[in-house]
Amino acid sequence: MKLTLKDMLLILWKRLALIILAIIIGAGVSLAYTFVFVKPEYTATAKLYVYNERTDSNYITSGDLTVSKSLVDTYLIIIKSNPVLNEVANKLSKNYPQITPSEILKSFSGSAINETEAFYVSATGTNAQLAQDIVNTIIDVAPEEIIRVVKAASVEIIEPAEFPIMPDWPIQRNLIIGIALGLVFAICYIIIAAYMDSTIHGKNEIMACFNIPII
């Protein structure tokens with residue numbers, strides 16, 4: 001069956017109920033999958049501040065800030081180094097005997113805050129208390145190692161990690177994906193079914209297919 005754009009839009013409008021049903025089913029399936037198979041994760045975050053120590057002045061210059069910003073990446077590399085991770089795992093092993101440095105590294109993330117000399121460190125996992133403990137242990141262990149390596153710089157803790165109450169569930173993302181898949185499936189099904197339909201539904205279709213007079 002030869003269809004124009006107008007024909008396809010008309011067919012889709014007539015099957016609007018099916019499209020809405022497919023969207024509802026797609027959304028329902030995505031939400032059910034999220035709640036049943038996706039475990040909620042919790043993220044704990046601490047914020048720190050990088051600065052250059054100066055013994056000859058009580059003022060911080062723009063040059064100090066520039067150096068501090070460049071040191072953020074260095075600090076994060078040091079935090080992810082084996083000495084820090086091993087020490088963190090050793091301290092956490094009292095309450096979490098199975099914890100390993102590789103698991104800590106896997107849960108860890110960090111970055112500068114808006115390209116400033118401040119930065120954050122986070123840990124994400126299914127255990128909210130463990131995520132908080134990992135971050136607070138890191139900010140307890142890391143400054144000493146950072147000072148040992150960098151020597152001329154130091155770190156101040158802006159705020160420690162608080163207990164993460166709200167989980168990080170990809171509900172909104174999965175819901176959008178479910179709605180989109182339901183919509184696409186319904187439209188494709190309706191258009192393919194219309195193309196495969198060989199039934200003549202009226203004289204206009206005969207006139208469109210054959211250049212012959214209609215009696």
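## The buried side of helix 4

Which residues of helix 4 (residues 82-92) are buried? In this predicted model, in which local features need pLDDT of at least 70, side-chain atom pairs count only at pLDDT 80 or more, and totals for chains, interfaces and linings use all residues, the answer is Val84, Leu85, Val88, Ala89 and Leu92, where buried means under 20% relative accessible area with a 1.4 Å probe and protein chains only. Residues are numbered from 1 along each chain as its sequence is written, and side-chain values use heavy atoms, with hydrogens and water left out.

Because these residues cover an arc of only 130° around the axis, they lie on the same side of helix 4, the arc being that of the directions from the helix axis to the C-beta atoms. An α-helix has 3.6 residues a turn, so residues three or four places apart point the same way.

## Helix 1 against helix 7

Met8, Ile11 and Leu12 of helix 1 make the contact with Ile187, Ile190, Ile191, Ala194 and Tyr195 of helix 7, contact meaning heavy atoms within 4.5 Å. The residues of this contact comprise eight nonpolar, no polar and no charged, with Ala, Val, Leu, Ile, Met, Phe, Trp, Tyr, Cys and Pro counted as nonpolar, Asp, Glu, Lys and Arg as charged, and the others, Gly among them, as polar.

## The whole chain

The protein has eight helices and four strands, taken as DSSP runs (H or I, at least four residues, for helices; E, at least two, for strands) numbered from the N terminus. Of its 215 residues, 32% count as buried.

Notes: Buried means under 20% relative accessible area, exposed over 50%, partly exposed in between (1.4 Å probe, protein chains only).
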